[in-house]
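Please keep the sequence and the 3D view open while reading.

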Amino acid sequence: MALLLLGGRFRRSGLRGVVAATRSSCSSLTSGRQRVNGVDLYYERTGRGKHAVLLLPGALGSTKTDFGPQLKSLNKERFTVVGWDPRGYGQSRPPNRDFPPDFFERDAKDAVDLMKALGFGKFSLLGWSDGGITALVAAGRNPEQIHKLVVWGANAFVSPQDLKLYNAVRDVSSWSARMRQPMEEVYGAQVFAKTWEAWVDGIAQFAHRPGGNICMDLVPLISCPTLILHGEKDPMVPSVHPQYLLKHIKGSRLHLMPEGKHNIHLRYAEEFNKLVEDFLQE
């Protein structure tokens, strides 16, 4: 779940299939919408490297709220970086977001099919929070297409402790104005509050499955090199989750950030980006 976010407003084209470009002296960014599985998915793309990387945002998150430092600063000579808004999030609306029992599977299929539609046969995944779960599912389901995997703030199951944490933040009116602002700018206050409550109900579904299973069966199927990052002061993802991933993803490695919370890629962007670049280039 993406609780600590960067603010940012969206630039809408209003036309299906339109690709817009913005350029500066040091970088270029293209944005557009691609029809995938019956939905127009919004994406942004930067860089010209041979190694394609997809950024997967957290709950209710989007390219502009969740990945500003990565789109700006990841090496554009070595990587082609794609950010996207999952269906029902950000600029990939309509449709309105819903949370059926297979919503992570649906997002994973959309993510992989988007990259295929954009012409990438093999690519790496960087997934935060819910986006990390989606990345785990995608890597487990599509081992031949995923080059490398980086996840942080992600979990393969929902424990009773996790459920208490989620329910504690169900009511967004209890959040500070600073916490609410980025999401309210994207969705409006009422839609944000309603969609967030729906997300809490959606993630709670998994607590009723044996072991709280989200994707425990898929994690051992991940065969690509995997880097797990974890902020040791993350208030929403206890350390049992990255330890579980480390144990069950063959050959994976875990990097701990002692002062990090849930949003290590934003709060410690320079350090985070260096760790990711080094891993992807190995």
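## Cavities

On a 1 Å grid over the protein atoms alone, a cavity is a set of points where a 1.4 Å probe fits but cannot get out, whereas a pocket is an open set with protein on both sides within 12 Å along at least five of seven lines; lining residues have an atom within 4 Å of a point. Grid points are joined across faces, edges and corners, and a volume is the space filled by probe spheres set on the points. The model examined here is predicted, and for that reason local features need pLDDT of at least 70 and side-chain atom pairs count only at pLDDT 80 or more, while totals for chains, interfaces and linings use all residues. Residues are numbered from 1 along each chain as its sequence is written, and side-chain values use heavy atoms, with hydrogens and water left out.

The structure holds three cavities of 30 Å³ or more, and in the largest cavity lies about 60 Å³ of space. The residues that line the largest cavity are Leu56, Pro57, Gly58, Trp84, Pro86, Tyr89, Arg97, Phe104, Asp107, Asp130, Gly131 and Thr134. By class, the lining of the largest cavity divides into six nonpolar, three polar and three charged residues, where Ala, Val, Leu, Ile, Met, Phe, Trp, Tyr, Cys and Pro count as nonpolar, Asp, Glu, Lys and Arg as charged, and the others, Gly among them, as polar.

Proline 57, one of the residues lining the largest cavity, is placed in the loop between β4 and α1. Proline 57 is buried, with a relative accessible area of 5%, on a scale where buried means under 20%, exposed over 50% and partly exposed in between (1.4 Å probe, protein chains only). Leaving out residues up to four places away in sequence, proline 57 touches Ser62, Asp66, Phe67, Trp84, Pro86, Trp128, Asp130 and Gly131, a contact being heavy atoms within 4.5 Å. The C-alpha atoms of proline 57 and aspartate 85 are separated by 7.4 Å, although these residues are 28 residues apart along the chain.

Leucine 60 is also found in the loop between β4 (51–56) and α1 (63–66). Phi of leucine 60 is near 65°, a positive value in a residue other than glycine, and at 1% relative accessibility leucine 60 counts as buried.

## Further backbone features

Asparagine 37, in the loop between β2 (28–36) and β3 (39–46), has a phi near 50°, which is a positive value in a residue other than glycine. Asparagine 37 is partly exposed, with a relative accessible area of 39%.

The peptide bond from arginine 93 to proline 94 is cis, with omega near -5°, and a cis peptide bond with omega about 10° joins proline 94 and proline 95.

Arg93 is among the residues that line the second largest pocket, together with Gly88, Asn96, Arg97, Tyr187, Gln190, Val191, Lys194, Thr195 and Ala198. About 200 Å³ of space lies in this pocket. Helix α7 (residues 189–204) gives the most to the lining, with five residues, and by class the lining has three nonpolar, four polar and three charged residues.

## Helix α8 and its cover

In helix α8 (residues 240–248), the buried residues are His241, Pro242, Tyr244 and Leu245. They are on the same side of α8 because they cover an arc of only 155° around the axis, the arc being that of the directions from the helix axis to the C-beta atoms. Among the elements that cover these buried residues are α4 (130–141), β7 (146–152), α5 (160–168), β8 (226–231) and β9 (253–257).

## Cysteines

With a disulfide taken as a pair of cysteine sulfur atoms within 2.5 Å, the count comes to zero disulfides. Cysteine 215 is in no disulfide, and the nearest cysteine sulfur, that of cysteine 224, is 13 Å away. Cysteine 224 is likewise in no disulfide. Cysteine 215 is buried, with a relative accessible area of 0%, and cysteine 224 is buried, with a relative accessible area of 5%.

Note on methods. Helix = DSSP H or I, 4+ residues; strand = E, 2+ residues; numbered from the N terminus.
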